[in-house]
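Here's a quick tour of a few local features.

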Amino acid sequence: MGNSAIERGASFLDDVAAKRIADAMDAQAQPSEVGLICATDLKPEAISWLWGGWLAAGKMHVLGGAPGTGKTTISMGLAATVTTGGRWPDGTRATAGNVLIWSGEDDPADTLIPRLALSGADLSRAYFIADIREGNERRPFDPARDMEALRRKVADIGGVRLLIVDPVVSAIAGDSHKNAEVRRGLQPLVDLAGSMRCALLGITHFSKGTGGRDPVERLTGSLAFGALARVVMVAAKHQTEGEDGHTVRLFCRAKSNIGPDDGGFEYDLHQAELDAHPGVFASSVLWGDAVEGAARELLATADATGDDSEGGTLADAKRFLADLLADGPVSSKAIKADADGAGYTWATIRRAQKALRIEPVKQGMKGGWVWRMPWQESAKMLKNPEDAQQKEVSTFGEIEHLRAEPDAVEVEI
């Protein structure tokens, strides 16, 4: 090839490079343009609810709570309801759909699937996000890199109405306490939920030493977790027991930008063996009565811990109870009302009750609970002094009170 040909080729390449540089400079010179949407071009739409007031299609939700409150079990119960089109805790009917679960803590085979099965789920509608295959290699799912691949899978499945991420912090590649990194990590999941019109539910823990604070502020990590979520739900286990001896558990709505932000339900955790798989045990959630009030107030009793956290009020509460019961047994309802009026929390009163060994006793099969001091023999509410007098004496004489049927008296634990 002659020198002239080489020169022409070099000249051509120079021209191409110069044109690319010029085009790039022209593009940079063009001002950015902001897209605007006129409000008249959009039609107002109602929120599409999976569960009215609690789970919304296309929105992010967070469920937080202390360890041992059964957050994952609750989420599997909600998933089971979606897969079968079952009943929500308030009795309303769910629309059946598929559920997608991404768990970074629990094994699907020995933990999550048994819980789904015990909750009555249609397992053919439950899917788990596994690893990513790249040629002959496998690696963990990474929302920052693999969201488009997941989007395609979700589209192939079709009908996905609930996406559960447990724990939601596993979606954050950086520091989960930094607002910007949390938003960056969660945004792909939020966008996926919005485009697929499914509810996104992230599970998280409460930070230690946050008792008494606003429940949303108690979520572990950056405040961005609670800020991005349209609905924040919390689960709590009270340290005191109910009058039937069972631990009181509460599932509450702590925040909502799209509906009511209070109220909740009592619940319990049930352990059982799977009928179809002997030797495999799991837990499921059993929903109870609806409760009213703000989450911070409903969780106040669960926050109560030892004597020190009460700032010395336990001693005052003991004196209060001793004075209240000095003249005889008093109904637990009356005690609760008087304690509330005196400024004592029910948790403090219950600890004072145990410290004084006060005995709660059921007043007959149809009566209410009464509290009595250990030295008091009668478990009756002595509204009338004559009630304390024995009017008739049978052949049992002075030990007449020992004749009570053993199964006719319920004892509060």
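## A strand and its neighbours

Within β9, A199 is the bridge partner of L162. The chain gets from β8 to β9 by way of helix α5 (residues 179-196), a right-handed β-α-β crossover; right-handed here means that, with the strands pointing away from the viewer, the path from the first strand over the helix to the second runs clockwise. Helices (H or I, at least four residues) and strands (E, at least two) are DSSP runs, numbered from the N terminus.

β8 (residues 160-166) pairs with β9 in the parallel sense over four bridges, where pairing takes at least two DSSP bridges between the strands. Strand β3 (residues 60-65) also runs parallel to β9, over six bridges, and there V62 has G202 as its bridge partner. Six of the seven residues of β9 (residues 199-205) are buried, so the rest of the structure largely encloses this strand. Buried means under 20% relative accessible area, exposed over 50%, and partly exposed in between (1.4 Å probe, protein chains only).

## A buried helix

Helix α11 (residues 346-355) is largely enclosed too, because eight of its 10 residues are buried. Among them are W346, I349, R350 and R351. After α11 comes R357, with a positive phi near 60 degrees.

## Cysteines

Disulfides (cysteine sulfur pairs within 2.5 Å) number zero. C38 is partly exposed at 41% relative accessible area, while C252 is buried at 0%.

## Ground rules

This is a predicted model: local features need pLDDT of at least 70, side-chain atom pairs count only at pLDDT 80 or more, and totals for chains, interfaces and linings use all residues. Residues are numbered from 1 along each chain as its sequence is written, and side-chain values use heavy atoms, leaving out hydrogens and water.
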